[in-house]
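Subject: Structure handover

Hi,

Here is the structure I promised to pass on. Please have a look at it first, and then read my notes below.

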Amino acid sequence: MHEYSIVQSMLDLCEKHAKDRKVDKVAVKIGRMSGIEPHFLKESFDVFKEETACESATMEIDIIDITIVCKDCGKEAVIDSFNFFCPHCKGGNTEVLTGQEMHIDYIELKEEK
Ligand SMILES: [Zn+2]
């Protein structure tokens, strides 16, 4: 369950960012190929956020599609399965551009009173 360690480092980051304030929303981007289960991540977040700057924060998850670029014909394509062949020229000489990432997009802090 590496979602737990991801959430821990995410909370650390939020804590640093928020200083003494509270976090309202954490928006994350998760690639389809990142190996992270969005609902596990969300569940872990809800468990571990207690008593941190994120205790009343919500997590918003944006799923990033897998895109590849073909080194033979130079075209880019979004693929919906783990089929990395170029849909244009059927070549296998492709490179993954997006879909492997997992990062915090932005953090929103609550209004200061
Ligand atoms: Zn191609």
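Let me start with His39, which is partly exposed because its relative accessible area is 46%; buried means under 20%, exposed over 50%, and partly exposed in between, using a 1.4 Å probe and protein chains only. Before going further, please note that this is a predicted model: local features need pLDDT of at least 70, side-chain atom pairs count only at pLDDT 80 or more, and totals for chains, interfaces and linings use all residues. Residues are numbered from 1 along each chain as its sequence is written, and side-chain values use heavy atoms, with hydrogens and water left out.

His39 belongs to helix H2, residues 38–48. Helices (H or I, at least four residues) and strands (E, at least two) are DSSP runs, numbered from the N terminus. Between His39 and Glu3 the C-alpha to C-alpha distance is 9.9 Å, while 36 residues separate them in sequence.

The sheet beside the helices

H2 lies across S1 and S2, at about 160 degrees to S2. Helix H1 (residues 2–18) lies across S1, S2 and S6, and runs at about 35 degrees to S6. For these angles, axes are lines fitted to C-alpha atoms, for helices over the stretch in contact, and values run from 0 to 180 degrees between N-to-C directions.

The three strands form an open sheet ordered S2-S1-S6, with mixed pairing. Its edge strands, S2 (58–64) and S6 (102–109), each pair on one side only. On average, neighbouring strands of this sheet are turned by 20 degrees against each other, direction ignored. Two strands pair if DSSP finds at least two bridges between them; strand S1 (residues 23–31) and S6 run antiparallel and are joined by seven bridges. Ala27 has Tyr106 of S6 opposite it.

The other sheet

A further open sheet of three strands has the order S4-S3-S5, and its pairing is antiparallel. Strands S4 (76–79) and S5 (94–98) are the edges, each pairing on one side only. From one strand to the next, the twist averages 35 degrees. S3 and S5 are joined by four bridges, and the bridge partner of Val69 in S5 is Glu95.

Thr67 sits in strand S3, residues 66–70, and counts as buried because its relative accessible area is 16%. The side chains of Thr67 and Thr98 make a polar contact at 2.6 Å; that term means a pair of N or O atoms within 3.5 Å where, within protein, one must be able to donate a hydrogen and the other to accept it, and residues adjacent in sequence count only if both atoms are side-chain atoms. Neighbours within four places in sequence aside, Thr67 is in contact (heavy atoms within 4.5 Å) with residues including Ala77, Val78 and Glu95.

The zinc site

Which atoms hold the zinc ion as protein donors? They are the SG atoms of Cys70, Cys73, Cys86 and Cys89, lying 2.3 Å from the ion. Donors are N, O and S atoms within 2.8 Å of the metal (3.2 Å for Na, K and Ca), and sites may look incomplete because water is not among the atoms. Along the chain the donors follow the spacing C-x2-C-x12-C-x2-C. The arrangement is tetrahedral because the four donor atoms subtend angles of 105 to 120 degrees; four donors count as tetrahedral if all angles lie between 85 and 135 degrees. Cys86 is buried at 2% relative accessibility, whereas Cys89 is partly exposed at 35%.

Best wishes

Conventions
Four donors count as tetrahedral if all angles lie between 85 and 135 degrees; four count as square planar and six as octahedral if opposite donors are over 155 degrees apart and all others between 65 and 115; anything else is irregular.
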